[in-house]
Amino acid sequence: MKKRMNKIILLLLCIVISSFCASDKKVQASWAKSGAMGHYLQKNEGLPRTDKGEENSLPGKQMKENRERFLEEAGNQGVKAEQAAELFDRLLEDDVFQKGAMKLTGLRLDDMDGNGQRDMLLMVQDAEEIVFYGSGSLWLYMNEDAPYCFEEEACSYYGIFDVFWADVDNDENIEIVFSAEGFGCGAVGDSYKAVFKYRNNTIERMELPSDLDADYDQGLTVDVIQEPEAGSYSAYCSYLDEILPFHRKYGGTPPETAQLAGGNARGFYDLSVTEYEGRNVLQASEYLYGEGGAADCAGVAHFFITWEEDGTPTVVKWWIEEGV
């Protein structure tokens with residue numbers, strides 16, 4: 001009797017297991033028919049293969065966030081999903097995100113050198129230790145060349161930046177002109193500037209003309225001098241050893257003799273490419289303040305910058321846009 005009962009129990013277990021397997025196969029077939037399984041695989045394609053514990057860890061969550069943001073930004077910039085996934089895989093191969101220790105804060109995808117291949121500029125920042133400056137890097141991917149990594153403690157990597165590319169020095173090579181916004185207040189704030197030359201499948205940083213004492217900025221020192229006549233001022237640039245007169249409609253009470261009233265607040269900002277005497281030049285501006293302090297805009301100094309064949313920067317023209 002006991003043996004008979006054991007056989008009945010075993011038979012019932014077999015029936016239950018068989019039913020469960022059949023049900024599971026029906027679910028898989030239903031997923032395959034509806035495309036849900038394909039959607040799941042596609043959604044998780046390109047992510048590092050990790051167990052559940054790693055996926056739920058902070059680095060795992062950050063990697064998922066990086067991928068989602070990259071694909072979203074790439075789509076916004078007109079890159080198809082398949083190509084975007086390939087570009088992201090390249091970043092994984094180079095461990096740009098350091099397995100989730102770094103987060104993606106900025107991305108630009110375009111054909112920068114005009115050869116038909118999509119190039120890539122991206123900015124990453126420490127995902128845990130958030131500081132005002134440093135703790136991040138800028139990566140440049142040009143064609144199939146080895147990536148170029150730029151790291152500078154004085155640069156902000158929060159992702160607020162401007163970039164354009166052009167042959168600004170007329171040597172038939174492309175320059176990538178990059179500016180990252182900082183957190184300085186007053187005047188025009190602060191902006192970290194860098195110009196990169198792409199030549200012979202390599203990237204190198206170019207010099208900007210500068211005489212500022214602070215090693216975290218580039219620009220030219222300009223003294224603002226208030227003249228005895230009402231509304232009359234002068235701007236003196238020691239780097240060029242030149243002085244330019246200018247006027248303000250609403251200046252302060254004129255002094256009895258010419259006196260130093262202000263100067264430039266930080267360095268260059270608002271970089272752009274323009275044409276001067278039939279050649280490309282880099283235009284850079286500087287905010288000038290008057291006797292009322294940083295909030296008192298006396299004018300804006302503009303500079304046309306070019307480079308000699310040996311890479312030496314030179315200013316070919318400057319002028320003052322008068323303030324109020």
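# A guided tour of the predicted chain

Begin by selecting strands β5 and β6 (residues 174-181), which pair in the antiparallel sense over 6 bridges. Two strands count as paired if DSSP finds at least two bridges between them. Helices (H or I, at least four residues) and strands (E, at least two) are DSSP runs, numbered from the N terminus. The model is a predicted one, in which local features need pLDDT of at least 70 and side-chain atom pairs count only at pLDDT 80 or more, whereas totals for chains, interfaces and linings use all residues. Residues are numbered from 1 along each chain as its sequence is written, and side-chain values use heavy atoms, with hydrogens and water left out.

**The whole chain**

Of its 324 residues, 39% count as buried; buried means under 20% relative accessible area, exposed over 50%, and partly exposed in between (1.4 Å probe, protein chains only). Among contacts between residues at least 6 apart in sequence, 49% join residues at least 24 apart, where contact means heavy atoms within 4.5 Å.

Next, select two loop residues. Glu172 lies in the loop between β5 and β6; it has a positive phi of about 70° although it is not a glycine, and it is exposed, with a relative accessible area of 77%. Asn200 is found in the loop between β7 and β8. Asn200, also not a glycine, has a positive phi of about 55° and counts as exposed at 64% relative accessibility.

**Lys193**

Is Lys193 buried or exposed? This residue of strand β7 (residues 191-199) is buried, with a relative accessible area of 1%. Leaving aside residues up to four places away in sequence, Lys193 touches Phe178, Ser179, Arg205, Leu208, Asp217, Gln218, Gly267, Phe268 and Leu271. A distance may also be drawn from Lys193 to Val163: the two are 30 residues apart along the chain, and their C-alpha atoms are separated by 9.9 Å.

**The nonpolar cores**

Which residues touch the most other members of the largest nonpolar core? Of its 27 residues, they are Phe268, Leu282, Phe303, Ile305, Trp307, Trp318 and Ile320. A nonpolar core is a set of buried Ala, Val, Leu, Ile, Met, Phe, Trp, Tyr and Cys residues joined through side-chain atoms within 4.5 Å. β9 (222-226), β10 (232-237), β14 (279-290), β15 (293-307) and β16 (313-322) each supply at least two residues of this core, and the largest share, 5 residues, comes from β15. Apart from it lies another core, of 21 residues, among them Leu138, Phe150, Tyr157 and Ala194.

**Strand β9 and its partners**

Select β9, which is mostly covered, with 4 of its 5 residues buried. β9 runs antiparallel to β10, joined by 5 bridges, and antiparallel to strand β12 (residues 259-264), joined by 4 bridges. Val224 stands opposite Ala235 in β10 and opposite Gly262 in β12. β9 and β10 form a hairpin with 5 residues between them, and Gly231 in the turn has a positive phi of about 75°.

**Helix α4**

Finally, select helix α4 (residues 58-76). At 1.5 Å a residue, its 19 residues should span 27 Å, and its end C-alpha atoms are 27 Å apart, which agrees; the expected span is 1.5 Å times one less than the number of residues. Gln62, Met63, Asn66, Arg67, Phe70 and Ala74 of α4 are buried. They cover an arc of only 140° around the axis, which puts them on the same side of α4; the arc is that of the directions from the helix axis to the C-beta atoms. The face turned away from this buried side carries the exposed residues Leu58, Glu72 and Asn76. Just after α4, Gly78 takes a positive phi of about 85°.
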